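Please read it with the structure open.

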Amino acid sequence: MISSFYSSDDELEDDIEIIFDDSDDNDSFTNDLNALTLTEEKQSDNLKHIKHPLSTELDDYISKKLHMSHRKSNLNNEYMLFPNKDNFILYQLSSLSDTLSDETNEYLSRVMYSDSNVDKYRIDLLNFLASNQWNLELCRKICNDETQRESLGLSNHLEVVSNIAEDTYMCPICCNELINMNDAQILKVQSCDDRDHYACRECYRKYVNILASSTSDSFHIKCIGGSCHMNISYFSIYKILGDTYIDDLIKYSLLESLNNNNNSQFSVCPQVGCENVILTDNIKNNGISPEYVSCLEWHKFCLTCKREVHSPIPCNLLKVWINKLNDGNESLNWVFNNTQPCPSCDVDIEKMEGCNHVKCGVCKFEFCWICHKEWKTHGGSFYDCMHKRDIKHSNTSNGKETISLDRFRNYYKFFLESENNMILDMRIFNKLIESKLNKLSAAFGMNLTELEFLTDCVKEVINARNMIKYSFALLYFMDQSHNLFHIFTHNQMLLLDKIDEVSDILIEANLDSNLANSKSDLKIIKMKPYLIGNTSMLKKLQVTVNKCAFDLVNNKIEIYK
Amino acid sequence: MSSLPRRIVKETKNLMKDPVPGIKTNIPDEDNLRYLTVEMEGPDNSPFAGGVFNLELYLPEEYPMEPPKIRFLTPLYHPNIDKLGRICLDVLKDHWSPAFQIRTVLLSIQQLLGTPNPDDPLLCDVAELCKNDNAKYCEVAREWTKKYAIPESKE
């Protein structure tokens with residue numbers, strides 16, 4: 001996937017308030033966390049709840065380590081951002097601790113608060129989270145459900161068998177003889193007295209390790225004997241086997257929940273190599289409208305479908321589109337994606353590089369790669385086809401199947417073409433490096449903020465290109481005889497024309513060249529007001545296209561699926 | 001030969017010395033105690049009665065933390081066993097416990113032959129028949145047993 005920078009209008013712009021940076025400014029963060037807890041308490045009840053001392057102690061522990069920040073999505077929902085999973089775990093811990101503080105039941109005081117040991121309290125909470133898909137609401141429910149909470153096994157510990165009389169004992173699992181029982185090597189589960197279910201420490205270590213790395217919905221650890229189905233507490237595993245065993249369990253259970261598509265509350269940034277975790281609290285999304293968020297590294301993606309920014313097409317149609325792309329025979333797909341038939345002799349031609357002016361190697365017919373018209377009468381630039389509009393919606397084949405296939409091929413061609421254009425523009429953007437800006441700044445005595453208009457402009461062109469790309473995917477599904485279809489394509493073309501206009505200016509300005517070219521440099525500086533105007537024009541046109549798409553989707557005029 | 005875990009040595013020794021009735025285990029290669037072949041008699045009161053079914057069993061590196069890998073070599077008509085002889089049985093998957101043994105697993109498989117579980121099928125068409133027309137299912141299963149698992153009929 002191509003990562004793109006997307007911000008189509010002022011409303012969609014992120015409202016950013018970074019609470020916490022990478023700096024070590026712990027105090028400011030602690031204040032914010034406290035502020036957050038306070039508002040939550042106000043909302044839930046007017047009663048001032050007194051926190052359990054363990055909960056306060058845990059908060060102290062967490063606030064020293066936690067890094068996070070808040071942002072708002074395009075739908076104005078607030079979301080929280082964590083640089084990695086560890087920070088997310090800390091935050092969930094503190095939230096669960098707060099959630100349970102509001103509950104008053106004997107289970108909590110008997111099991112969770114029984115030992116004034118903050119380590120035990122922390123691991124019990126982790127136990128709750130890991131065995132309940134990291135879902136706070138589920139944890140709260142289970143805490144109030146007498147039968148379910150006991151099955152969590154928080155009060156059922158792994159323990160060392162002390163009353164073995166023999167000098168040597170054979171572990172029933174690995175069958176090794178254990179000499180000198182004072183080393184306390186044989187373990188059992190508190191509530192299970194079956195001697196065949198005893199096992200040595202080494203066996204339990206291997207057992208927990210394997211469980212932690214296997215896929216599962218719930219990360220309960222049961223008695224090694226299997227048949228007695230007793231869950232045991234994470235805390236006893238931590239104490240007897242060591243802390244790394246718990247860490248692995250927690251890590252895998254979180255990974256499992258993050259990969260679960262039914263979980264709509266938190267997700268990992270889909271960009272390869274990015275570890276950011278995004279948490280949304282009150283999601284009001286219908287599961288269709290795209291909701292865009294950007295992580296701390298500014299990777300922007302759709303929270304609803306975990307894909308790159310894809311307006312104007314809604315998530316559900318995008319999924320159908322992508323399935324269609326992946327359909328069918330691989331090699332046929334390759335031919336389909338990479339070649340076009342010569343309009344004269346029908347041989348499949350692959351274009352490796354170069355402009356749209358193509359000459360068939362077999363019959364020597366010269367034509368335009370985009371519209372298939374003869375080059376002589378074509379006119380226009382070598383990279384841009386002026387006839388898109390004319391050929392775009394022509395379906396004159398007979399038979400519904402061929403219509404649908406032709407139609408798909410047609411729109412897919414435009415989809416790919418827009419993607420290629422976007423990649424070209426992104427190259428320019430990537431080469432618009434600081435040195436060029438610095439040179440301009442030195443040559444014209446302007447400071448860097450005064451030159452921001454250039455980066456803004458390129459960024460907007462790329463956003464708009466991305467929108468054009470996905471608008472072709474949307475059009476594939478729509479009924480072209482409907483008036484709204486024409487309104488949409490009209491606005492789409494207005495946007496496309498504007499993009500081409502601005503893009504041409506940017507290309508002429510040699511932004512990707514580091515060579516000093518005072519003539520073109522001067523020109524681009526002179527064009528500043530014009531470019532600023534067009535940048536906002538691009539934004540406005542994108543809003544319009546988005547609105548038209550909204551009308552298209554809401555009037556349910558889609559015909560092809 | 002790399003040193004085998006005591007558990008495996010002990011279990012295979014026990015199986016040889018004190019076999020499960022109706023189930024015969026062999027070690028085709030004395031140098032590889034992790035690979036066993038099994039001859040299992042079909043349980044009475046089942047369409048598999050009278051047949052002798054061959055299985056192969058492999059104890060993976062992590063055994064007993066991981067379940068043994070086991071499959072039928074003789075074809076049989078059963079909703080929980082597929083064409084390649086793979087077996088759909090909970091104790092061989094997520095209900096495995098290190099306290100189980102080869103012996104327990106083999107007994108469970110023999111039991112599965114007598115009591116198929118069409119609600120959790122590996123083969124949907126067989127399960128469908130087993131549920132809706134049990135008599136017909138038994139007939140086909142008996143036919144297969146006769147064809148593949150009874151030595152005299154092979155000639």
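The points below go from confidence to the contact between chains, then to each chain in turn.

1. Confidence. This is a predicted model. The scores are ipTM 0.85 and pTM 0.69. In chain B the mean pLDDT is 87, and 96% of the residues reach 70 or more. Among the elements of chain B, strand β3 (residues 52-58) has the highest mean pLDDT, 94. Helix α3 (residues 124-132) of chain B has the lowest, 84.

2. Contact between the chains. Chain A puts 15 residues into the contact, and chain B puts in 13. On the chain B side, six of these are nonpolar, five are charged and two are polar.

3. Layout of chain B. Chain B has 155 residues, of which 29% are buried. Its secondary structure consists of four helices and four strands. Along the sequence they run α-β-β-β-β-α-α-α. Take the contacts in chain B between residues at least 6 apart in sequence: 51% of them join residues at least 24 apart.

4. The annotated cysteine. Which residue does UniProt list for "active site"? The record gives Cys88(B), and the entry is unreviewed. Cys88(B) sits in a loop of chain B, between β4 (69-72) and α2 (102-114). Is Cys88(B) exposed, partly exposed or buried? Cys88(B) has 17 other C-beta atoms within 10 Å, so it counts as partly exposed. Burial would take 20 or more, and an exposed residue would have 12 or fewer. Setting aside neighbours within four places in sequence, Cys88(B) contacts Asn80(B), Asp120(B) and Leu122(B).

5. Layout of chain A. Chain A has 561 residues, and 34% of them count as buried. Its secondary structure comes to 19 helices and 18 strands. Of the contacts in chain A with a separation of 6 or more, 66% come from residues 24 or more positions apart.

6. Nonpolar cores. How many residues does the largest nonpolar core have? The count is 118. Ala199(A), Cys203(A), Ile278(A), Val461(A), Ala473(A) and Leu474(A) have the most contacts inside this core. Helix α16 (residues 452-477) of chain A gives the largest share of the core, 15 residues. Leu474(A) is worth a look: leaving out residues up to four places away in sequence, it touches Pro312(A), Ile313(A), Leu317(A) and Ala549(A). Another core, of 25 residues, lies apart from the largest one. Its members include Leu36(B), Phe53(B), Ile109(B) and Tyr137(B).

7. A three-stranded sheet in chain A. Three strands of chain A form an open sheet in the order β4-β7-β8, with antiparallel pairing. Strands of a sheet pair through backbone hydrogen bonds. Why do β4 (158-160) and β8 (199-200) of chain A each have one side without a neighbour in the sheet? Both stand at the edges with a single partner strand, so one side of each is left without a neighbour there. β4(A) pairs with strand β7 (residues 186-189) of chain A over three bridges, in the antiparallel sense.

How values were computed: Residues numbered from 1 in each chain as written. Chains lettered and ligands numbered in written order. Predicted model: local features only at pLDDT ≥ 70, side-chain atom pairs only at ≥ 80, totals over all residues. pLDDT = per-residue confidence, 0-100. Helix = DSSP H or I, 4+ residues; strand = E, 2+ residues; numbered from the N terminus. Contact = placed C-beta atoms within 7 Å. Nonpolar A, V, L, I, M, F, W, Y, C, P; charged D, E, K, R; others polar. UniProt positions renumbered as here; feature names shortened; annotations may be inferred. Core = buried A, V, L, I, M, F, W, Y, C linked by C-beta atoms within 7 Å. Pairing = 2+ DSSP bridges.
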